[in-house]
Amino acid sequence: MREEGGWRVARETPTGAAAPWDLGTVRAVEGAHSLVLGLGEGAELTALAGLADRAVPAVEAVWGPSATRLLLELPLTEQQFARRMDVSADAYQGIAAVTLAVGGAPVHTPADRIVVNPDAYRQLSDLGRRVVVTHEATHVATRADTRSWTPLWLSEGVADYTGYLGSGRTARQVAPELVKDVRAGRAPAALPEDAAFTAGAEGIAQAYEQAWMACDLIARRYGQDRLVAFYRAVGAAGEGGLERAMKAQLGLGPVEFTKAWAGEVARLGG
């Protein structure tokens, strides 16, 4: 609640995960489109707010305007990140950021904030950080259209598609692990299952690259607006409605689409 001296926590519901202020003194940095809460140096928080401010209009250009500001949290260490997420310290190793629902909310509540994994995030290039923040901002922007039946190849694919949009990167640059697999005779024949995106899963990098290729294919062949319409149609279609939504929006079924996608993947090896 708000008092004369500022905001105060009126009530806290224990969830097992630590709140940001349980980890130490929290600093707040406000951007034009964002709010960053963190325990690190002010310069790092300011830089993250700058990336978020860049990400918001990039995401809105694809998914439409948003009335809310982007909320990000930056713990100081991987151990603090693990406490914030209520997981073991190595559970998200190599994952630079995740989206999270407000603490105490029901399990079905869509994610509304970005929590950055500091160790993995700091190892990224400038472009990598920009892609990650835009990727996660896409998850926040699409939360109302994302359902439990939305396949992860689609939800992660549209997030990476939006993240890489305008980067100037070629398909081989975006999907280097997939290129290696194709050239080694290990080209995938099917879109990745949800389990392939689990933190620590073998081949997780390829799963994300395959997902990006699927959504990039839809955007190039049918247009970006059709990709957005397809995503929303899948969310509205209900359990088992992927085929129906795909035929309505793209004019073909999963078998034909997978064949077209596999052909695109195979060309990476050329």
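Leaving out neighbours up to four places away in sequence, V158 touches W63, T138, C215, L227 and Y231. This is a predicted model. The protein chain holds 11 helices and 7 strands. Its radius of gyration is 19 Å, close to the 18 Å that the globule rule gives for 270 residues, so the chain is as compact as a globular protein of that length.

**Whole chain**

- The C-alpha atoms fill a box of roughly 60 × 35 × 30 Å along the principal axes.
- Of the 270 residues, 46% are buried.
- Among contacts with a separation of 6 or more, 65% join residues 24 or more positions apart.

**V158 in helix α5**

- V158 belongs to helix α5, which spans residues 152-164.
- Its relative accessibility is 0%; V158 counts as buried because the cut-off is under 20%.
- M213 lies 55 residues from V158 in sequence, yet their C-alpha atoms are 9.7 Å apart.
- M213 is also one of the α8 residues that meet α11.

**L242 in helix α10**

- L242 sits in helix α10, residues 242-250.
- With a relative accessible area of 25%, L242 is partly exposed, because that value falls between the 20% and 50% limits.
- Beyond its neighbours up to four places away in sequence, L242 touches P151, F230 and V234.
- Y231 is 11 residues from L242 along the chain, and 9.6 Å separates their C-alpha atoms.
- Y231 is also among the contacts of V158.

**Helices α8 and α11**

- Helix α8 covers residues 204-222 and helix α11 residues 254-266; their axes come within 10 Å and cross at roughly 105 degrees.
- That angle makes α8 roughly perpendicular to α11, because 65 to 115 degrees counts as such.
- On the α8 side, the contact is formed by Q210, M213, A214, L217, I218, R220 and R221.
- On the α11 side, F257, A260, W261, E264 and V265 take part.
- The contact residues comprise 8 nonpolar, 1 polar and 3 charged.

**Strands β3 and β4**

- Strand β3 (residues 27-30) and strand β4 (residues 34-38) run antiparallel, joined by 4 bridges.
- The two strands form a hairpin, with 3 residues between them.
- Within this pair, A28 stands opposite L37 in β4.
- In a regular strand, side chains alternate between the two faces of the sheet.

Definitions and conventions. Residues numbered from 1 in each chain as written. Predicted model: local features only at pLDDT ≥ 70, side-chain atom pairs only at ≥ 80, totals over all residues. Heavy atoms only, no water. Buried < 20%, exposed > 50% of the residue type's maximum accessible area, 1.4 Å probe, protein only. Contact = heavy atoms within 4.5 Å. Axes fitted to C-alpha atoms, helices over the stretch in contact; angles between N-to-C directions. Parallel < 35°, antiparallel > 145°, perpendicular 65-115°, else oblique. Nonpolar A, V, L, I, M, F, W, Y, C, P; charged D, E, K, R; others polar. Pairing = 2+ DSSP bridges. Rg over C-alpha atoms; globule rule 2.2 N^0.38 Å.
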